[in-house]
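Subject: Structure handover

Hello,

Here is the structure I promised to pass on. Please open it alongside this message.

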Amino acid sequence: MRAASRAEGRLGSAERGGADLARTRLTWVLGLAVAALAIAAPHVFTSIAARHLLVLIGINIVLVASLDLLIGGAGLLSLGHAAFMGVGAYASALLVKAGQPFAVGLGAGLLAGALAGLLVGLPALRLKGHYFSVVTFIVGIIITILMTNLVDLTRGPMGLTGIPFAKVDLFGWHHTFKTIVFKVGYYYLVLAFAALVLLLRWRLGRSRFGRALTAVKGDENLAESVGIATYRVKLTAFTVAAAIAGLAGSLYAHYTAFISPDSFTFVHSFDLFVMNLLGGAGTVAGPIIGPVFLTALSSGLKGLSPALAHVVHGTVLILVIVALPTGIAGGVKRAAEALRGRRR
Amino acid sequence: MALQLALNALHSSSLYALVALGLTLILGVLDIADFAQGAIYMLGAYTAYFATSLFGVPFFLALPIAMVIGALLAAGNYLVVYRPLRRFSGATTFIAALGLLLILQNLALQFFGADFRLVKAPFANVRLNVFGATWTGYQMFIAFAVTVLVIGSWAFLKFTPVGMALRAVSQNRRGALVVGLDPFKVELVAFLLAGALAGAAGTLASGVNAFDPSIAAIVVIKAFAIVIFGGMGSVPGAIVGALIVGLAENLTAGLVNTQYAELTAFVLMILVLLVRPRGLFGPPEAKL
């Protein structure tokens, strides 16, 4: 009986084999093309302003890929992600300013993000649906209030200035990333982290843990009833996502050499959220498409006053929700499927 | 000292109560976290400012004007944004609400500027001595106006047919539809009422607290923390929650320092989430 069903399964997969192979090949080609574009980008766009945007896109990809673990992976719409980035940025900046090497800063950013995520996740994950979103949103704001008020540690609204540049000391090769003018080197560093996090996000999605998250996203009660410890699974995802956000914060702090509470407000959390939604939550390409589009859009709006730029931002957001609930990647996928269906 | 703090607490509490009451009504009826209410509060304050300073309208007339504008704006938000989105999940509408807040707050920043404004309050010179504590005439006026508004809202919900329909939808949506209540009418009324209350709160606050467009986000976040603390969708929860938060805030400001006072509402919110996630007066089997 069991052998029969297994044979049946094998038969089914053999039938699908041809189409799957073609799709796998297409995915590889597309992936390599994107990687080549990413590597070539700073030599195509050579102005300092454009390269600056490229670095920011890279950092945003790290952030959105980690946020996608929550939104796309578990259906947890977290709206406080920039705050975890901020926690990581402050932890890293303070330690490296005190004389620790850059690598320690990165690790501290990761740990501080994880710790903050755990502390926030414990109460917030007791709520479901959009009540969870509201609480993460409010907690994100509390964290920026703390950054502003713990003046002894953070220097308050003045921010931290003169954060040391990233120094790498690898097998006798020393390099200091003086990012004010020389952006290409740091861009590749950020790109490496972005690729790593995208890979991690992709692998996690296919792991046992990822399937547990998918189950929680689909129906939490059902997931609980088949023996998934939903609260613990969600808490783990939340902590991991916050840790990666903390790492992104560290990358950001040593890039700009200046951070203040204003760099991590709810508006930035909101932007990250829009990037994920716009790109397509739960898709592989989404965390790349979203940051590229939105960073380009906001630099296109630089001519307007910041207030009007926010107005356009908000309008785009509402339109995206209404017109493209699955984001650009989701929309493309659907269009491709519709096309293939017609061809058959 | 303690009495003075309690008197100060009363007026901040009562202003939070108005916004929290509107938020909790909308949550109960539609399950929408309408953060755009903060923008209506802010526009209520600007209405009072421009009406009194540019057009010479007396303050007492600016209050109903701001309430009408607030009600219309909230109803407009409902018709243009929330109603078309009603087939989506609660999280989607929450994002849309944040989008609206962002749009309205930044439009105000663009057109009204970032300068802090303060409206010249009536009865500023009247002072009452209560056992050594001072109660200004304007604070008394706020307490009086808010009491009237809260009792009025309560009577509206309790005794009028529309109010009863609103409570019915809030308690059991499907049941209310079965007995033939029109959800559209009920939802529209909830937004009109919430908008009027938020507009009134903004106007009343404009005479005591200097404001700029960013007040929109600050107020609604605090009011929402109060709603979670008091119990989502619960009317008594919003009122009692506002009183407790206002008192705790002023005590912290008076006894510890003013910086941490800002955090009081949020600390209470987190405590209640850890101990009793449905809030003080939340429904027992909440939609949590």
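Below is what I found in it, by topic.

**Confidence**

First, a caution: this is a predicted model. Chain A has an average pLDDT of 80, and 92% of its residues score at least 70. Helix H3 of chain A (residues 81-97) has the highest mean pLDDT, 91. Helix H1 of chain A (residues 2-44) has the lowest, 66. Over residues 4-15 of chain A the pLDDT is below 50. Beyond near neighbours in sequence, that stretch has 0 contacts in the model. Where pLDDT is low, the predicted coordinates should not be read in detail.

**Chain B overall**

Chain B has 12 helices and 2 strands. Along the sequence the order is α-α-α-α-β-β-α-α-α-α-α-α-α-α. How does its radius of gyration stand against the globule rule for 288 residues? The value is 18 Å, close to the 19 Å from the rule, so chain B is as compact as a globular protein of that length. Along the principal axes, its C-alpha atoms fill a box of roughly 55 × 45 × 35 Å. Of the 288 residues in chain B, 52% are buried. Now take the contacts in chain B with a separation of 6 or more: 76% of them join residues 24 or more positions apart.

**A helix pair in chain B**

Look at helix H1 (residues 2-30) and helix H10 (residues 235-255) of chain B. Their axes come within 7 Å and cross at roughly 145 degrees. The crossing of H1(B) and H10(B) is right-handed. By class, this contact has 15 nonpolar, 9 polar and 1 charged residues.

**The contact between the chains**

Chain A brings 29 residues to the contact and chain B brings 32. On the side of chain A, helix H5 (129-149) and helix H13 (306-323) each supply at least two residues. That side of chain A has 18 nonpolar, 9 polar and 2 charged residues.

Most residues other than glycine have a negative phi.

- B:Asp31 has a positive phi of about 60 degrees, though it is not a glycine. B:Asp31 sits in the loop between H1 and helix H2 (37-53) of chain B. Is B:Asp31 buried or exposed? B:Asp31 is buried, because 20 other C-beta atoms lie within 10 Å.
- A:Ala257 has a phi near 65 degrees, again positive in a residue other than glycine. A:Ala257 lies in the loop between helix H10 (230-256) and helix H11 (266-279) of chain A. A:Ala257 has 17 other C-beta atoms within 10 Å, so A:Ala257 counts as partly exposed.

**One more residue in chain A**

A:Tyr188 is in helix H7 (residues 184-206) of chain A. A:Tyr188 is partly exposed, because the count of C-beta neighbours inside 10 Å is 16. A:Leu251 is 63 residues away along the chain, and the C-alpha atoms of A:Tyr188 and A:Leu251 are separated by 12 Å.

Best wishes

Technical notes:
Residues numbered from 1 in each chain as written. Chains lettered and ligands numbered in written order. Predicted model: local features only at pLDDT ≥ 70, side-chain atom pairs only at ≥ 80, totals over all residues. Helix = DSSP H or I, 4+ residues; strand = E, 2+ residues; numbered from the N terminus. Buried ≥ 20, exposed ≤ 12 C-beta atoms within 10 Å, placed from the backbone. Contact = placed C-beta atoms within 7 Å. Nonpolar A, V, L, I, M, F, W, Y, C, P; charged D, E, K, R; others polar. Axes fitted to C-alpha atoms, helices over the stretch in contact; angles between N-to-C directions. Left-handed = near helix turned anticlockwise from the far one by under 90°. Rg over C-alpha atoms; globule rule 2.2 N^0.38 Å. pLDDT = per-residue confidence, 0-100.
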